[in-house]
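Student: Hey, can you walk me through a structure I've just opened? I'm new to it.

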Amino acid sequence: MPGMKDQMALVMKLKKAQKELAREVVEVEAGDGAVVIQINGEIKIVDVKLDPELIDLGNIAELEGWIKAAVRDGLKEAQEVAAEKMKPLMGNLGSLGM
């Protein structure tokens with residue numbers, strides 16, 4: 001059974017990993033760059049950019065589709081980054097009774 005020192009060390013590693021995830025950013029685009037979305041490893045949207053030269057305001061449905069596609073793809077990539085970063089630590093959580 002792990003001691004208090006082991007538990008504290010694991011908690012510190014988890015906090016460090018979480019801070020690193022905040023700095024990990026994936027960027028995805030849709031509509032050949034009309035929509036660019038950045039999402040960090042904490043699964044939070046960091047930035048959204050729209051290129052007005054590539055957007056037809058007469059076709060808002062197309063723009064909405066690009067935004068949905070970029071958010072969907074960005075969330076998937078960010079979740080994969082987070083899972084990869086946390087994987088080495090997750091095995092240790094069982095020893096804490098979590």
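Tutor: Let's start with strand E2 (residues 35-40): six of its six residues are buried, so the strand is largely enclosed by the rest of the structure. Buried means under 20% relative accessible area, exposed is over 50%, and partly exposed is in between (1.4 Å probe, protein chains only). Helices (H or I, at least four residues) and strands (E, at least two) are DSSP runs, numbered from the N terminus.

Student: Is this an experimental structure or a predicted one, and how are residues numbered?

Tutor: This is a predicted model, where local features need pLDDT of at least 70 and side-chain atom pairs count only at pLDDT 80 or more, while totals for chains, interfaces and linings use all residues. Residues are numbered from 1 along each chain as its sequence is written, and side-chain values use heavy atoms, with hydrogens and water left out.

Student: Ok, back to E2. Which residues point which way?

Tutor: Val35, Ile37 and Ile39 point one way from E2, while Val36, Gln38 and Asn40 point the other way, and all are buried. In a regular strand the side chains alternate between the two faces of the sheet.

Student: What does E2 pair with?

Tutor: Strand E1 (residues 25-30) runs antiparallel to E2, and six bridges join them. E2 also pairs with strand E3 (residues 45-50), again in the antiparallel sense, over five bridges. Two strands count as paired if DSSP finds at least two bridges between them.

Student: Which residues sit across from each other?

Tutor: Val25 has Asn40 in E2 as its bridge partner. For Ile37, the partner in E3 is Val48.

Student: And how many residues lie between the strands in each hairpin?

Tutor: The hairpin of E1 and E2 has four residues between the strands, and Gly31 there takes a positive phi near 65°. E2 and E3 form a hairpin with four residues between them as well, and Ile43 in that turn has a positive phi of about 65°.

Student: Switching to helix H1. How far does it reach?

Tutor: H1 (residues 4-23) has 20 residues and reaches 29 Å from its first C-alpha to its last, close to the 28 Å expected at 1.5 Å a residue. That expected span is 1.5 Å times one less than the number of residues.

Student: Which of its residues are buried, and where do they fall?

Tutor: Leu10, Ala17 and Leu21 are buried in H1. Seen down the helix axis, the buried residues fall within an arc of 40°, so they line one face of H1. The arc is that of the directions from the helix axis to the C-beta atoms. On the other side of H1, the exposed residues include Met4, Lys5 and Arg23.

Student: How many salt bridges are there?

Tutor: The structure holds eight. A salt bridge is a side-chain nitrogen of Lys or Arg within 4 Å of a carboxyl oxygen of Asp or Glu.

Student: Can you show me some of them?

Tutor: Glu80 and Lys76 meet in one, at 3.9 Å from N to O. They are four residues apart in helix H2 (residues 60-93), which means about one helical turn separates them. Glu80 is partly exposed at 45%, and Lys76 is exposed at 52%.

Student: What about Lys49?

Tutor: Lys49 forms a salt bridge with Asp47, with the closest N and O atoms 3.4 Å apart. There's also a network of salt bridges linking Lys16, Glu20, Glu24 and Lys85.
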